[in-house]
Amino acid sequence: MSSQSDQENINWYVLNFIRSSYRNLPQKTIDRFNVTNKTKLELFAPTYVVKEEKQGELKFRTLNLTFHYVFVRGSFDDIKQLCGLSNGFSFLIDHSNEDRYAVIDDKRMMHFQNIARAYRNCLPYFSLDDIELEDGDIVEVVKGDFPGLIGHYMPNAKSKTGNIVLSIFNNVGTIAFNVKVTDVRVLEFSKRSTRANDQIDAFVPHLLKALRAFYNNEALTTSLAAKLSVFCGRMGIVRLNNHKLDARLQILLYAANHIIGNSSAANIALEKLQATKDSVTNEWSNGTIELIFAILNKDRERLASNYSKLNSLDATSKAQQMILAEYTYYLADKQ
C-alpha cells in the first residue's frame, strides 16, 4: 500500500507486458492488484486497427500501439510490487535516466490520452523514421478537441486544416487529424519554412485597413477584428531566429494589439521591437515601421518626413507601392 511520500512522487512508468496477446488481460491484472493491495494504479494500453485482406475478404485486426509496452501510473513502490509478481509485468530500463526506469510525465501522457479518447483508443500511428518532423511547425492547440496538445503541424494541401504529429515513445508517434488552423497557435516555425514570412506578408493588407479605421475613429468590421485577433493569438508567442523578420512581426503585433485594445500584449511586442529594430536596414521596412507609429500617434509631421525619404526611391514591388499609397492617403487627409 502506498505511503503519503509515495503519493507525492507519482509517475507513468513504461512497463513490459509479455502476455499482451490476451485481450484485456493487462487491465484485469491491474484491477486485481488494486483490489488486493488497496492501490490505485492506472493502466493505459492504447491500440490501433489494421486492415487485412484474406482470400478476398476484408477484416480488421486490433493490435497494441506500443507493441509489448504498456503505461502504468503509480508510485515506484507500488509499481515495483506489481512487477515483482508473476503476472507478465516488468520494468523497462532507461539507461539515459538517472533513476534507471523509463517514465513519462503527466502532461505528455495527457496529450496522448486526449488523442486516444478522440479515436476511441484505436489510434493512428507510424514510425517517426517515416516522416521529417523538422518540416512541421511546432504548434499548441488552444481550442477544439485537443486543447493543450503540442506537436508538429502538417498542413493539408488546399485546406484550412492540418494534422498534428505527436512523438510518444521509443520512435512511435500518433496523429490528430484535421485540426483547424484557427484552433492552434504557432510556438516555433520550422527552420526550413518560409511560412512565417508568408503569414506576415499576408497580414499586412488587413492591418493597413484596420489602421485606416483606427485613424478615422471607425469601428472595425467583425471580419477585420477577427483577423487581427487570430493573428495576435497565433503569432504572439512565435519564436523567430531572424532578427529582421522578428522586427517586422513585432511591429504588426504591436499595432494589431493596440487597435483591438490589448495593451499588455502591445507593450510586450513593443519591447521586443525595441530590441530588434536596429537590425532593420531596408528602407522600405523602416518606412513601414515609421508609417505604423505615425498613424497610431496621428503624427502628420512624422508621416511627411518619412514619405519624402521613400518617395525618392523606386517602388518596384506591389508591397512597396502599397506602403507608398498609404503615406499618400494619410497626407492627403486635411484633418
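Mentor: Buried means under 20% relative accessible area. The model discussed here is predicted.

Trainee: Is cysteine 232 buried or exposed?

Mentor: The relative accessibility of cysteine 232 is 9%. The cut-off for burial is under 20%, so cysteine 232 counts as buried.

Trainee: How many disulfides does the count come to?

Mentor: Cysteine 83 is buried too, with a relative accessible area of 15%. A disulfide needs a pair of cysteine sulfur atoms within 2.5 Å. By this rule the number of disulfides is zero.

Trainee: Which backbone oxygen does the side chain of threonine 276 reach?

Mentor: Threonine 276 belongs to helix α8, residues 263-276. Its relative accessible area is 8%, so threonine 276 is buried. Leaving aside residues up to four places away in sequence, threonine 276 touches His243, Asp246 and Ala247. At 3.1 Å, its side chain reaches the backbone oxygen of lysine 272.

Trainee: Why is strand β5 largely enclosed by the rest of the structure?

Mentor: Strand β5 covers residues 69-74. It is largely enclosed because the buried residues in this six-residue strand number five.

Trainee: In which sense do β1 and β5 pair?

Mentor: Strand β1 spans residues 11-17. Tryptophan 12 stands opposite arginine 73 in β5. Over six bridges, the sense of the β1 and β5 pairing is antiparallel.

Trainee: Which residue in β5 does phenylalanine 44 stand opposite?

Mentor: Strand β2, residues 42-44, also pairs with β5 in the antiparallel sense, over three bridges. The residue in β5 opposite phenylalanine 44 is phenylalanine 71.

Note on methods
Residues are numbered from 1 along each chain as its sequence is written. This is a predicted model: local features need pLDDT of at least 70, side-chain atom pairs count only at pLDDT 80 or more; totals for chains, interfaces and linings use all residues. Side-chain values use heavy atoms; hydrogens and water are left out. Helices (H or I, at least four residues) and strands (E, at least two) are DSSP runs, numbered from the N terminus. Buried means under 20% relative accessible area, exposed over 50%, partly exposed in between (1.4 Å probe, protein chains only). A polar contact is a pair of N or O atoms within 3.5 Å; within protein, one must be able to donate a hydrogen and the other to accept it, and residues adjacent in sequence count only if both atoms are side-chain atoms. Contact means heavy atoms within 4.5 Å. Two strands pair if DSSP finds at least two bridges between them.
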